[in-house]
Structure formats: C-alpha cells, structure tokens
Amino acid sequence: QRGFLTEIDAAADRLTELVDNLLDLARLESGSFQIVTAPIDLAEVLAAAVAESRVRHPERTITLELVERPLPVNGDTRRLRQVAANLLDNALKFTPAGGRVEAGVMAAAGTLCFWVQDTGIGIGPEELPLIFDRFYRSPRAAGPGSGLGLAIVQGIVHAHGGHVEVASEVEQGSRFTLVLPERPQRLPEPDRT
C-alpha cells in the first residue's frame with residue numbers, strides 16, 4: 001500500500017505541475033502574465049535554486065560558480081527561481097549519471113547572466129529552432145515531460161526584458177544562458193487590434 005500511495009503522490013505532483021505550466025503558458029500567450037519586480041540578488045536566486053535541486057536529487061552533483069556577489073537586478077524572485085529550477089531539472093534529466101551539471105552567474109557589458117551547463121546528450125542543430133515551442137519534446141527524451149518548460153522559461157525571461165541563448169552539441173552537452181538587462185523593462189503589450 002505504501003508503494004501505491006507513493007506512486008499516487010508522485011502522479012499528483014506531476015499533474016499539478018502540468019496544470020501550473022498550462023496556466024502560466026496561457027497567461028504568457030494572452031499577455032496577462034504578471035511579474036512582480038523588486039531589487040534582488042541574482043546570485044542568491046540561483047544559489048537557492050541549486051540548493052533545492054540538490055535536495056531533490058541528492059545522488060547528483062551540481063557545481064555552483066559564483067564569481068561575483070551580489071549581482072543586483074530588478075526581478076521577480078519566484079519566477080526567476082522557477083526558470084533556474086526548470087533549467088537545472090532539464091540538465092539533470094538529459095545528463096547521464098556521472099556527467100557534470102554546472103551553474104553560475106556573471107555580469108558582462110551592462111547585462112547580468114546566469115547559466116546552466118551540462119555534459120548530457122545535447123541538442124541537434126535541427127532541433128535548436130524548435131526547443132522553445134510549446135509541447136516540443138526531443139525524440140531522444142526519456143521519462144515524463146510536457147514540452148512546456150522551455151517555452152515558459154523563454155516567456156519569463158522576455159517578461160524581464162531579457163533573452164535566452166543556447167549552445168549545444170550532440171553527445172557533448174548544452175549551455176543555456178539567460179541574459180537580463182541591469183535595469184530590466186517590461187516588454188510592451190502586444191497590439192490586439
């Protein structure tokens with residue numbers, strides 16, 4: 001019975017995550033997605049996300065590189081932590097045991113960046129234009145997934161006035177870099193006329 005209850009609990013968590021992701025995506029696409037910005041330390045946000053990932057995946061090693069602290073930015077702590085958690089989960093999912101997952105933050109040329117890098121299966125050049133499409137899943141993906149995570153990551157970063165850069169090679173790994181302006185501005189609402 002305990003085993004069945006554990007499976008039911010895990011399935012309920014996956015369903016809740018799927019519903020939350022669908023709601024976030026609907027808000028992003030309708031223009032009603034809200035971020036609540038305040039002065040925050042981007043290094044602290046990433047460190048908290050890494051700490052949570054280490055608790056969820058105690059068997060894996062995640063290296064955190066914090067060259068500078070603090071890195072102040074106007075941002076939504078909860079949403080940026082959601083972005084970091086999603087990228088870390090993806091990196092762990094697509095990196096076999098024994099591979100490396102690394103994360104870090106840096107300041108460069110008027111922007112603040114945080115990145116997640118792995119030594120996993122990588123992304124083929126034919127897939128790169130598709131990875132931010134909603135419901136897209138790599139044919140090489142194993143395990144559960146909705147294909148919504150990267151679409152939401154991109155939407156949250158755009159809402160902060162930033163963008164996402166990706167570098168990847170098949171069987172070598174991937175690096176996702178989120179580039180945020182030092183003073184992020186809300187993007188203008190789309191014209192709905």
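Our tour begins with Glu-102 and Arg-100, whose side chains meet in a salt bridge at 3.3 Å, N to O. A salt bridge here is a side-chain nitrogen of Lys or Arg within 4 Å of a carboxyl oxygen of Asp or Glu. This is a predicted model, in which local features need pLDDT of at least 70 and side-chain atom pairs count only at pLDDT 80 or more, while totals for chains, interfaces and linings use all residues. Residues are numbered from 1 along each chain as its sequence is written, and side-chain values use heavy atoms, leaving out hydrogens and water.

How many salt bridges does a search of the whole structure find? The search finds three. Besides the pair above, Glu-52 and Arg-81 join through their side chains at 3.0 Å, N to O. That pair links distant parts of the chain, 29 residues apart: Glu-52 lies in helix H2 (residues 42-56) and Arg-81 in helix H3 (residues 77-93). Helices are DSSP runs of H or I with at least four residues, numbered from the N terminus.

Arg-56 also forms a salt bridge, with Asp-89, and their closest N and O atoms are 2.9 Å apart. Here too distant parts of the chain are linked, with Arg-56 in helix H2 and Asp-89 in helix H3, 33 residues apart.

Now to accessibility: buried means under 20% relative accessible area, exposed over 50%, and partly exposed in between (1.4 Å probe, protein chains only).

| Residue | Relative accessible area | Class |
|---|---|---|
| Glu-102 | 22% | partly exposed |
| Arg-100 | 49% | partly exposed |
| Glu-52 | 32% | partly exposed |
| Arg-81 | 29% | partly exposed |
| Arg-56 | 41% | partly exposed |
| Asp-89 | 27% | partly exposed |

Note on methods. Helix = DSSP H or I, 4+ residues; strand = E, 2+ residues; numbered from the N terminus.
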